[in-house]
Each structure stands twice: as C-alpha cells, then as structure tokens.
Amino acid sequence: MNSSDAAHFIGWKRDGVLAPYVPEDVAKFYPAEHKDPDGQFASFRVWLSIIAYNANLVKAEDAPKSFADLLDPKWKGKIVKAHPGYSGTIMTATYQMQRDLGWSFFEKLARQNIMQVQSSADPPKKLDLGERAVMADGNEYNIFQMREAGRPVEPIYATEGSPLIIGPNGVFKDAPNPNAARLFQSFRPSN
C-alpha cells in the first residue's frame, strides 16, 4: 500500500493491520525519519506541492513568486487549485500552508475565483491546456514531466517555502498475496 496521506499509516499501525516489513536496503540505509521504528512502513516517495504557470500565458518576470503573490487581483479568475478533501497531497499541503500562512490565506484565495479541481495531478493538466494561467498547488513531478515533454509549464518554488509531501509504503498483514507485496516493495529496475 502507498498513500499520499502519511497519516493513514499511523492509524493502520495503531489498528494492527500492517505487517512488519521494509526492504533490506531501506532498513539499512534510510534515515530514521523516513522509516517506522518498528519496521512496518517507510517513505517511498517524497515530492513538493508547488506553484506553477503556463509560459504561453504568463511571462517569467510577471509570474508569482510567492503564495502571497497569488492574492494579487491580476490573478483573479486565472488560478487553478486542487481539493484537500480528495487528494492526500493537497490535504497535507493545505495543512502545512494554513499552519504557516494562516487560514486567512485560503479565505483571501477563495475570493480570487479559483478553478477547483480534484487530484494533485489536475492543476498541472489545466495549466498545460491553458485553462488557467497559474496553479496554486499541485504535484511537482507532473510539471517536470510536462516540461521535459516540451509543454509550456514552469515550476515556482514559493518564497515562503513549498509544502513537502511524503508517501509511505507498507504491507497489510492480511494481504491476499503478502509475499508478492514484499517482492514488489523490494523491486529495483535495472539501469
């Protein structure tokens, strides 16, 4: 199991539904903060939730540099944002942003007539299609993949900092094929 809501693993461990297992190299080399001390789960993927813009619609020098910049009236009706009730990535990012910026940031952002979408993968898509000029949040890796494919999207790392998302992996104790799950977690593609 993998989840972009790391809190799932806290509950699953508490409820006794996880089997103790992490790959050997994870147990041996991962820093303590990226693995459960009882060996029931470990970080699998770590990424940022970032701001980004469509380079066909926004000049680099005009792009927002911070979350505070998103509140500028010039961005009204031009921002896309994912929903924290649907996406673990966005839920975690929203928690971190409200902790650091205050809930009033979201109240002000809501007055910008943002396009609300679901998954953290949706804002990059809306940006790429030109449906919005700027994304307030979304996953960093889709922006990189799109940019590498020649799409007109550019990442922005907010001056206030970008929310860090950690997605752990674990194996359910009652998985129908627990050995296959362990093997899958230990899989490393050859170079």
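Reply: A residue counts as buried when its relative accessible area is under 20%. By that cut-off, 43% of the 191 residues of the chain are buried. The model is a predicted one. Its secondary structure consists of seven helices and eight strands.

Now the sheet. It is open and has three strands, in the order E1-E8-E2, with antiparallel pairing. E1 (18–19) and E2 (41–48) are the edge strands, and each pairs on one side only. Strands of a sheet pair through backbone hydrogen bonds. E2 and E8 (residues 164–172) are joined by seven bridges in the antiparallel sense. Within this part, Ser43 is opposite Pro168 of E8.

Next, the helices on the sheet. Helix H1 (residues 7–14) packs on it and touches E1, E2 and E8. The direction of H1 makes about 30 degrees with that of E8. Helix H7 (residues 178–186) lies across E1 and E8. H7 runs at about 145 degrees to E8.

For context, here is a helix pair. The axes of H3 (residues 88–101) and H4 (residues 103–110) come within 6 Å and cross at roughly 110 degrees. An angle from 65 to 115 degrees counts as roughly perpendicular, so H3 is roughly perpendicular to H4. H3 contributes Thr94, Met97, Gln98 and Leu101 to the contact, and H4 contributes Trp103, Ser104, Phe105 and Phe106. By class, that contact has five nonpolar residues, three polar ones and no charged ones.

Last, the whole chain. Of its contacts with a separation of 6 or more, 71% come from residues 24 or more positions apart.

Conventions
Residues numbered from 1 in each chain as written. Predicted model: local features only at pLDDT ≥ 70, side-chain atom pairs only at ≥ 80, totals over all residues. Heavy atoms only, no water. Axes fitted to C-alpha atoms, helices over the stretch in contact; angles between N-to-C directions. Helix = DSSP H or I, 4+ residues; strand = E, 2+ residues; numbered from the N terminus. Parallel < 35°, antiparallel > 145°, perpendicular 65-115°, else oblique. Contact = heavy atoms within 4.5 Å. Nonpolar A, V, L, I, M, F, W, Y, C, P; charged D, E, K, R; others polar. Buried < 20%, exposed > 50% of the residue type's maximum accessible area, 1.4 Å probe, protein only. Pairing = 2+ DSSP bridges.
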